[in-house]
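Please look over the structure shown below before reading on. The briefing that follows takes a sheet and a pair of helices in turn.

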Amino acid sequence: MIEFTLWDILRNLLLATRWTVVLSLVSFLGGGIVGLALLFLRISKRKSLRSLAKYYIELFQGTPLLMQLFIAFFGLGLFGIDVPAWLAAGLALVLWTAAFLGEIWRGCVEAVAKGQWEASASLGMGWLQQMRYVILPQAMKVAVPPTVGFSVQVIKGTALTSIIGFVELSKAGTVVTNATFQPFTVYGLVALIYFALCWPLSKSSQILERKLNVAHRNH
Amino acid sequence: MSLIEITEVRKSYGATEVLKGINLDVASGEVIAIIGKSGSGKSTLLRCINGLETINRGSISVAGAQLLDDEVHLKALRLKVGMIFQQFNLFPHQTVGGNVMLSQTVVKKTPKPEAEAIARKMLERVGLAHKFDAYPDELSGGQQQRVAIARALAMQPIALLCDEITSALDPELVSEVLAVVRELAAEGMTLLMVTHEMKFARDVCSRVVFMHQGRVHEVGPPEEVFARPQTPELKQFLGLH
Ligand SMILES: Nc1ncnc2c1ncn2[C@@H]1O[C@H](COP(=O)(O)OP(=O)(O)OP(=O)(O)O)[C@@H](O)[C@H]1O
Ligand SMILES: [Mg+2]
């Protein structure tokens, strides 16, 4: 039987970590773009658009991510569309992330004082101008800590994609375990790598939050 | 012709009618004080004139421009009337100068150097030229309110609506804001102000409007209204002040 050194194991895991990172980035950026669109629907003046975004968000927040992955992977297959694991994983994670970011950001926009809307309206600004120059700059500051904090959930969420066969860090852990029969060492390392990815993010989210509270309240 | 014409204006929130047929014509250069009990509809009336609330019936026109509920008409109207709020509502992420320049550059598309010159001039007018680069939360309440006035003036409105603009201020800061308003009045600015400052109303205003339960209950020059109130409601109201 072949002997695996600790380095062999770690090297293989780190190679797979690339895919965790790539999938996380794609989900977060794609989810951010879709989430921004959702935000604008969610706070638009048209009730139908608001409801549409609300149902979307409730649907994705109200079902497990794993089910969303299964539906993206197997569900589309039923229509004769052959979905590779990476596409299903990316699609489901983007849509899932968008639902959460959209809702987080809506809270931030609504946290901006009502007087800001009224003052900017009384100065003649239209809705888009109010959003762009008055509301969003203030909402964005409030939004940074929870948004960074949520990126941790996205990274952890990518672990689920191993179930539909996408080879990222978790899946690589299983594969390496099967070859080495050292589950404790392997999964211990997997956990450490996840920790190394997530901890700096959650920590910076905390620091940012504290900074925003301490620094000048508003700028 | 009057500058502001308010005709039979009615406004309800759900089932409760807050304005029950308001008629008021304001001539150019007039300074109107609106007084009345809490809940009598003073703020609602000002907010309707500025289109922050939509009216259910009646009509409002400012310098011939009709108040209609679409963005083009609203914007045209809001360029004519500025509004100052009790809570100042400065933009906290912008400097004082930025606050006064923003709507000029965004709404009127005034080139930046020109907008800055106007901003400096307006801040000079309220005595705050030296605070151009400060942020709102570095200013006292009175200073913030004067910046809010400069911000409204920078749009060169023909009338200003002021809703209890000194009510959120510490007593010692009230006079600096009133002094600015007094000067505007002297320069001929048309002003509609909801106020609890009876002395100010008496000294500066050309007419006093007493609102009661959503109606203009009594109206007249301050010497009349304060010295010879006609209705028991106004007598009672003045007795409390
Ligand atoms: N957005 C709203 N929804 C429902 N009711 C409202 C709303 N705004 C005001 N009202 C009601 O309308 C009535 C008049 O309010 P308004 O603010 O115009 O009174 P006011 O004369 O300005 O009083 P105050 O002196 O306390 O400022 C009050 O009974 C108030 O409860
Ligand atoms: Mg009021």
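**Briefing on a predicted model**

In chain B, 4 strands form an open sheet in the order 2-1-4-5, with antiparallel pairing. Strand 2 and strand 5 (65-66) of chain B stand at the edges with a single partner strand each, so one side of each has no neighbour in the sheet. This is a predicted model, in which local features need pLDDT of at least 70, side-chain atom pairs count only at pLDDT 80 or more, and totals for chains, interfaces and linings use all residues. Residues are numbered from 1 along each chain as its sequence is written, chains are lettered from A and ligands numbered from 1 in the order in which they are written, and side-chain values use heavy atoms, leaving out hydrogens and water.

**Strands of chain B**

- Strands are DSSP runs (E, at least two residues) numbered from the N terminus, and two of them pair if DSSP finds at least two bridges between them.
- Strand 1 (residues 4-13) of chain B pairs with strand 2 (residues 16-26) of chain B in the antiparallel sense over 8 bridges, and B:Glu5 has B:Asp25 as its bridge partner in strand 2 of chain B.
- These two strands form a hairpin with 2 residues between them, and B:Gly14 in the turn has a positive phi of about 60°.
- Strand 1 of chain B also runs antiparallel to strand 4 (residues 57-62) of chain B, joined by 5 bridges, where B:Thr7 stands opposite B:Ser59.

**Helices of chain A**

- Helix 1 (residues 6-42) of chain A packs with helix 7 (residues 169-180) of chain A at an angle of about 155°, their axes 8 Å apart.
- That makes the two helices roughly antiparallel, a term for angles over 145 degrees.

Notes. Axes fitted to C-alpha atoms, helices over the stretch in contact; angles between N-to-C directions. Parallel < 35°, antiparallel > 145°, perpendicular 65-115°, else oblique.
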